[in-house]
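Hello,

Here is the structure we talked about, handed over for your files. My notes on what was found in it follow below.

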Amino acid sequence: MSEVLWSLDDLVEAVGGRVVGDPTTTVTGISIDSRSLQPGEAFFAIKGDVRDGHRFVEAALSRGASLAVVAEGRMSELPPEGRYVVVADVLAALQDLGRAARAHTKARIVAVTGSVGKTSSKEMLRLALSASGRTHASAASYNNYWGVPLTLARMPADAEYGVFEIGMNYPGEITPLVGMVRPHFAIVTTVAPVHLAQFDAVEEIAKAKGEIFTGLEPGGTAILNASNDQFDLLRFLTIAAGVKEIVTFGASCSFDAHTTQIVARSDCSCVTGAVLGEDLTWKIGAPGRHLVENSLAVLAAVKLMGADLARGAMALSDMEAPKGRGQRHELTVHDASVTLIDESYNANPASMRAAISLLGAAPVARGGRRIAVIGDMLELGERSGELHKELVEPLEAARIDLVYCVGRTMHELWDVVPESKRGGWTETSAELQKDLVAAIRPGDAIMIKGSLGTKMGLLVSALIDAYGAKRNRAAS
Ligand SMILES: Nc1ncnc2c1ncn2[C@@H]1O[C@H](COP(=O)(O)OP(=O)(O)OP(=O)(O)O)[C@@H](O)[C@H]1O
Ligand SMILES: [Mg+2]
């Protein structure tokens with residue numbers, strides 16, 4: 001039987017609602033999606049990005065929801081025989097429940113924000129802290145106005161460590177979220193030009209990320225990337241927010257958590273370094289320098305949170321790249337192996353550079369080529385064209401042999417790619433499908449990446465359909 005997460009009485013007290021029908025006296029989980037709801041969970045009928053949860057209350061109840069939290073104003077549309085906790089506003093109720101969970105927990109809490117690397121760091125923290133005690137962490141990238149309170153509301157009472165991803169698309173978004181989480185430790189992985197359409201400059205992004213310091217618990221610590229261009233501004237913001245302790249991470253030995261040696265392999269990284277005065281060697285089970293950088297912030301947090309650093313560091317060897325974010329597949333082309341790196345989940349200049357460098361480090365067999373298949377990076381505002389064009393430098397540095405470009409803005413890059421390295425340009429990913437499948441040769445390594453809207457995932461599926469795929473464990 002699933003364990004009890006909330007008693008009905010505590011839940012009702014937290015959300016201030018009125019009980020209708022006959023809900024069970026305990027709740028085993030919190031759900032906002034009737035499709036994945038497990039019997040015994042409470043269903044919160046929030047209005048999501050697209051749909052209103054009240055439309056799915058009936059489905060949730062018939063799947064065995066212990067109760068549904070619904071809005072007073074919508075009661076007339078709902079089955080009269082249902083089990084309800086009726087409130088004025090369902091999202092506010094979820095936030096209240098989140099705050100109640102936070103008020104009762106004894107867990108040490110870390111919050112992670114940054115332009116890229118939030119989920120990777122959050123998953124590393126989950127692994128590393130779990131080696132020391134019961135750890136609760138956000139699911140997927142649940143980092144927004146509903147994801148953060150949902151994660152809080154799902155935190156078991158006996159959690160010893162809590163890990164929260166906090167994201168933002170516009171200024172002012174982080175303040176209320178971190179106000180709910182009230183972390184003891186706040187990590188800013190990195191600040192980079194992402195969402196430039198909503199911000200005038202990278203400094204504005206740094207300021208918005210810096211809102212995370214305003215929610216730190218008194219005596220809390222900020223963990224900052226000292227190699228990042230925006231470090232000085234972030235440090236200033238911590239001081240302005242009254243934060244006394246700053247811990248730095250990055251490549252230089254003068255930082256609190258730093259690397260001294262990195263052996264970058266195609267399926268993992270082996271790292272030597274020091275974390276707050278403790279010398280350490282660790283292995284990260286997925287490749288990429290960006291993950292090494294993230295691991296420094298993670299290990300600093302692990303030590304500061306009082307967890308076992310050595311065990312935490314060992315646990316990072318189980319790290320796996322999530323779907324669409326560096327996952328590797330082994331394809332077979334004419335009986336020979338071809339590596340496909342799936343980065344199709346999303347893209348911005350920082351993550352694009354990280355992915356190009358991953359491809360640069362991927363092994364190719366004799367005669368094989370490193371092929372970058374890259375689509376538009378969206379939401380970059382006025383400097384978009386320039387930011388696309390600038391990718392020619394990392395492509396050159398990583399010695400990429402062949403470049404395929406997808407999307408109108410990627411044409412800016414296409415124009416400056418040396419002729420000998422031009423694979424092809426198309427406006428949509430669908431148009432490239434046939435040519436790309438035909439172009440693959442034994443021994444190649446291919447990396448596919450673009451913003452979600454450019455649908456680069458189509459090309460990943462097309463290659464897998466054509467050449468079959470074995471998931472590579474190291475980065476599955
Ligand atoms: N420190 C880093 N520096 C540069 N790129 C990174 C870094 N960490 C991760 N990335 C790149 O960004 C991609 C997304 O990583 P991740 O999912 O951890 O980011 P996120 O901040 O959670 O993104 P989202 O805002 O979509 O939730 C990865 O596939 C990788 O290519
Ligand atoms: Mg994320």
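In strand S7, Val85 is the bridge partner of Val69. Strand S6 (residues 67-71) and S7 pair in the parallel sense over four bridges; two strands count as paired if DSSP finds at least two bridges between them. Helices (H or I, at least four residues) and strands (E, at least two) are DSSP runs, numbered from the N terminus. This is a predicted model, in which local features need pLDDT of at least 70 and side-chain atom pairs count only at pLDDT 80 or more, while totals for chains, interfaces and linings use all residues. Residues are numbered from 1 along each chain as its sequence is written, and chains are lettered from A and ligands numbered from 1 in the order in which they are written.

S7 also pairs with strand S2 (residues 18-20), through three bridges and in the antiparallel sense. There, Val20 stands opposite Tyr84. Within S7 (residues 84-87), Tyr84 and Val86 point one way and Val85 and Val87 the other, and all are buried. A residue is buried if 20 or more other C-beta atoms lie within 10 Å of its own, exposed if 12 or fewer, and partly exposed in between, with C-beta atoms placed from the backbone. In a regular strand the side chains alternate between the two faces of the sheet.

Next, the core. The largest nonpolar core has 153 residues, of which Phe44, Ala68, Val69, Ile223, Ala300 and Ala301 touch the most other members. H9 gives the largest share of this core, nine residues. Such a core is a set of buried Ala, Val, Leu, Ile, Met, Phe, Trp, Tyr and Cys residues joined through C-beta atoms within 7 Å. Leaving aside neighbours within four places in sequence, Ile223 is in contact (C-beta atoms, placed from the backbone, within 7 Å) with Phe185, Ala186, Ile187, Val247, Phe249, Ala297, Ala300 and Ala301.

The domain assignment of the chain gives domain 1 (6-96), domain 2 (105-318) and domain 3 (327-475); the bounds come from an automatic or database domain assignment. The C-alpha centres of domain 2 and domain 3 lie 29 Å apart. Their contact takes 19 residues from domain 2 and 18 residues from domain 3. On the side of domain 2 that touches domain 3 there are 10 nonpolar, seven polar and two charged residues. Here Ala, Val, Leu, Ile, Met, Phe, Trp, Tyr, Cys and Pro count as nonpolar, Asp, Glu, Lys and Arg as charged, and the others, Gly among them, as polar.

Where does ligand 1 lie? Domain 2 and domain 3 both give residues to the shell around ligand 1, so it lies between them. The shell has 22 residues, and the closest are Gly117, Lys118, Thr119, Ser120 and Ser351; a residue belongs to it if its C-beta atom, placed from the backbone, lies within 6 Å. Helix H4 (118-130), helix H9 (289-304) and helix H11 (349-361) each give two or more residues to the shell, and the largest share, four residues, comes from H11. By class, the shell has four nonpolar, 14 polar and four charged residues.

Arg182, in the loop between helix H6 (174-181) and strand S11 (185-188), has a positive phi near 45°. Glu379, in the loop between strand S19 (370-375) and helix H12 (384-389), has a positive phi near 60°.

Regards

Terms used. Two residues are in contact if their C-beta atoms, placed from the backbone, lie within 7 Å.
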